[in-house]
There are 2 protein chains.
Amino acid sequence: MTDIKRVIDLILQELTAAGAVAPAHCTCHGLLFDCCPSQIGGVLAAGASRLGLHAAGGGAGAVAALIDHTLLKPDATAADIERLCAEASEFSFATVCINPTWVALAARLLRTTQVGVCSVVGFPLGATTPDVKQYETRRVIFDGAREVDMVINVGALKSADYRLVTADIEGVTAACRSAGVVSKVIIEASLLTDAEKVTASTLTKAAGADFVKTSTGFGPGGATVADVALMRRVVGEDIGVKAAGGVRDLEQLQAMVAAGASRVGASAGVRIVKESRGELPDGMKSAGY
Amino acid sequence: MTDIKRVIDLILQELTAAGAVAPAHCTCHGLLFDCCPSQIGGVLAAGASRLGLHAAGGGAGAVAALIDHTLLKPDATAADIERLCAEASEFSFATVCINPTWVALAARLLRTTQVGVCSVVGFPLGATTPDVKQYETRRVIFDGAREVDMVINVGALKSADYRLVTADIEGVTAACRSAGVVSKVIIEASLLTDAEKVTASTLTKAAGADFVKTSTGFGPGGATVADVALMRRVVGEDIGVKAAGGVRDLEQLQAMVAAGASRVGASAGVRIVKESRGELPDGMKSAGY
């Protein structure tokens, strides 16, 4: 693992030199300077054009295809899941993102649609063992999941046990790869330092995951534009970045995409798509309802 | 499952008639009348005497033996776990209660002590499948856990899928029983109606668990005196009741025990034991630090 440590140190040095890790913050937002919505040029344009979105709007279909329609509350009922699946089918979201106990039901409800089923593993604490996460991965795939969002072992990362962090991610990504299932790795950025975010993103890419994802939505904070930009810079263009947690309207979604997100997890997907179609009254656009 | 449903309905009717489910609340605390600290006589005395505690204090050893010394934060490090185990050994807590990833380490650190290792399963959402919870149970037992706290499938309970709720609990209790390990079932009371608390406690007892437990500490609320009293009344004296979430000082611990708790989960165990020894300055007793 000395090699991995050295690679991470090199990446950190490079990013620090480029101003990403010990960054200059903009004075308007306190964000990394080149992630600030008022400052960014190239990053914004690159992210928006990658997904066919424009700062002022974007096709409703393109917006819906970005969204994992998400319901992860522990007290969600079968009726709630049925409603979520009906909405996902109506609006053509990328997936429904649900807890493992509901995967079989959702897969049945969505089998004649283009909507995938995404489930979560080791969620939301990430503090179980690699074999348990791999077992849970196989279970949700067996039940019909086509995408799996796993949570890293945050405590192991903070204890600098990169061997365990890597084995943990690889157990899940290997199970996904062998079944042709998309894997996403949640780093729970709000618990991490910038250096730890870089390390986690690097190990995610090295483990062959398909996406790195910001947050569970159960931690102390959700997705930030700065985190998405940092994660995108670390993983490059080869894999996806999913922004999740607290994305509640079209403007926030566009900011995430501009910063580099290629997928967004949200419980407010219906509202966001309606907003992109101009179907919400003006007063509701910024009400955060 | 019709039989189970009928039994639950009968219990509900009986408790409702006794005023426990649609209860008269005391005016002083808004608690169930017979759980109110100012009103209770018999319940308090029974709870306190069961555990050799007195309203005014209680031996520090008896207090420590009640406590699962708890650290379940996802970003806890190896150093944090080492500190927790050292404290548990010094103060002779019943167990350390930790996430699965740390069980092997804690079991190694505590192997020459009387302190057990308690871990959590399906934690904290409880929204995974029964086989995943059973697999995780076997894994933590393999790693050295002597007690297992599992979370019920709250969504299934709220969808009235008692067959699934029961299968889920039984998968864990069976794995525990065959290894001589104590099983506790977390009902996450703050998400439930009183009727659902009764149902969950009934199914827990029917599945042969050793304890019913109030809360994960990650939900919208922790243990309440009213919930502990209700759960104790439903399960009788045959199994334990564990109060967890928000118990921060000796007075709160004593109130839980008086209401019927036979174990308390707390991260403030050191403070509570010191308070029971009279080692905290007066000013700190109610400061909630």
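User: In this predicted model, helices are DSSP runs of H or I with at least four residues and strands are runs of E with at least two. How many helices and strands does chain A have?

Analyst: Helices and strands are both numbered from the N terminus. Counted in this way, chain A has 13 helices and eight strands.

User: What percentage of the residues of chain A count as buried?

Analyst: A residue is buried when its relative accessible area is under 20%. Chain A has 289 residues, and the share of them that count as buried is 56%.

User: Which residues touch the most other members of the largest nonpolar core?

Analyst: The largest nonpolar core holds 71 residues. Another core, of 69 residues, lies apart from it and includes V63(A), L71(A), V181(A) and V247(A). In the largest core, the residues that touch the most other members are V96(B), I98(B), L253(B) and M256(B).

User: How much area do chain B and chain A bury between them?

Analyst: The contact draws 31 residues from chain B and 31 residues from chain A. Carbon and sulfur atoms carry 67% of the buried area. Between them, the two chains bury about 2600 Å².

User: Which three residues supply more than any other three of the area that chain B buries against chain A?

Analyst: The side of chain B that touches chain A divides into 17 nonpolar, eight polar and six charged residues. The three residues in question supply 24% of the area that chain B buries against chain A. They are P74(B), L125(B) and Y135(B).

User: Which helix gives the most to the side of chain B that touches chain A?

Analyst: In chain B, α6 (130–143) and α7 (154–158) each supply at least two residues of that side. The helix that gives the most supplies six residues, and it is α6(B).

User: Which residue forms a salt bridge with R139(A)?

Analyst: Between chain B and chain A there are 14 residue pairs in polar contact. The rule finds two salt bridges across this interface. In the one formed by R139(A), the closest N and O atoms are 3.3 Å apart, and the partner is D131(B).

User: Are R263(A) and E147(A), which meet in a salt bridge, buried or exposed?

Analyst: Their side chains meet at 3.0 Å, N to O. R263(A) is in strand β8 (residues 263–266) of chain A and E147(A) in strand β4 (residues 147–151), 116 residues apart. The cut-off for buried is under 20% relative accessible area. R263(A) has 10% relative accessibility and E147(A) has a relative accessible area of 10%, so R263(A) counts as buried and E147(A) is also buried.

User: How does D238(A) count, as buried or exposed?

Analyst: D238(A) forms a salt bridge with K205(A), with the closest N and O atoms 3.2 Å apart. D238(A) lies in the loop between α10 (225–235) and β7 (240–244) of chain A and K205(A) in helix α9 (residues 194–206), so the pair ties together parts 33 residues apart in sequence. At 32% relative accessibility, K205(A) counts as partly exposed. D238(A) has 62% relative accessibility and therefore counts as exposed.

User: How many residues apart in sequence are the parts that D68(B) and K184(B) tie together?

Analyst: D68(B) and K184(B) form a salt bridge, the closest N and O atoms being 3.3 Å apart. D68(B) is buried, with a relative accessible area of 0%, and K184(B) is buried with a relative accessible area of 0%. D68(B) lies in strand β1 (residues 67–71) of chain B and K184(B) in strand β5 (residues 182–186), so the separation is 116 residues.

Conventions. Residues are numbered from 1 along each chain as its sequence is written. Chains are lettered from A and ligands numbered from 1 in the order in which they are written. This is a predicted model: local features need pLDDT of at least 70, side-chain atom pairs count only at pLDDT 80 or more; totals for chains, interfaces and linings use all residues. Side-chain values use heavy atoms; hydrogens and water are left out. A nonpolar core is a set of buried Ala, Val, Leu, Ile, Met, Phe, Trp, Tyr and Cys residues joined through side-chain atoms within 4.5 Å. Buried means under 20% relative accessible area, exposed over 50%, partly exposed in between (1.4 Å probe, protein chains only). Contact means heavy atoms within 4.5 Å. Buried area is the accessible area (1.4 Å probe) that two parts lose on being put together, summed over both. A salt bridge is a side-chain nitrogen of Lys or Arg within 4 Å of a carboxyl oxygen of Asp or Glu. A polar contact is a pair of N or O atoms within 3.5 Å; within protein, one must be able to donate a hydrogen and the other to accept it, and residues adjacent in sequence count only if both atoms are side-chain atoms. Ala, Val, Leu, Ile, Met, Phe, Trp, Tyr, Cys and Pro count as nonpolar, Asp, Glu, Lys and Arg as charged, and the others, Gly among them, as polar.
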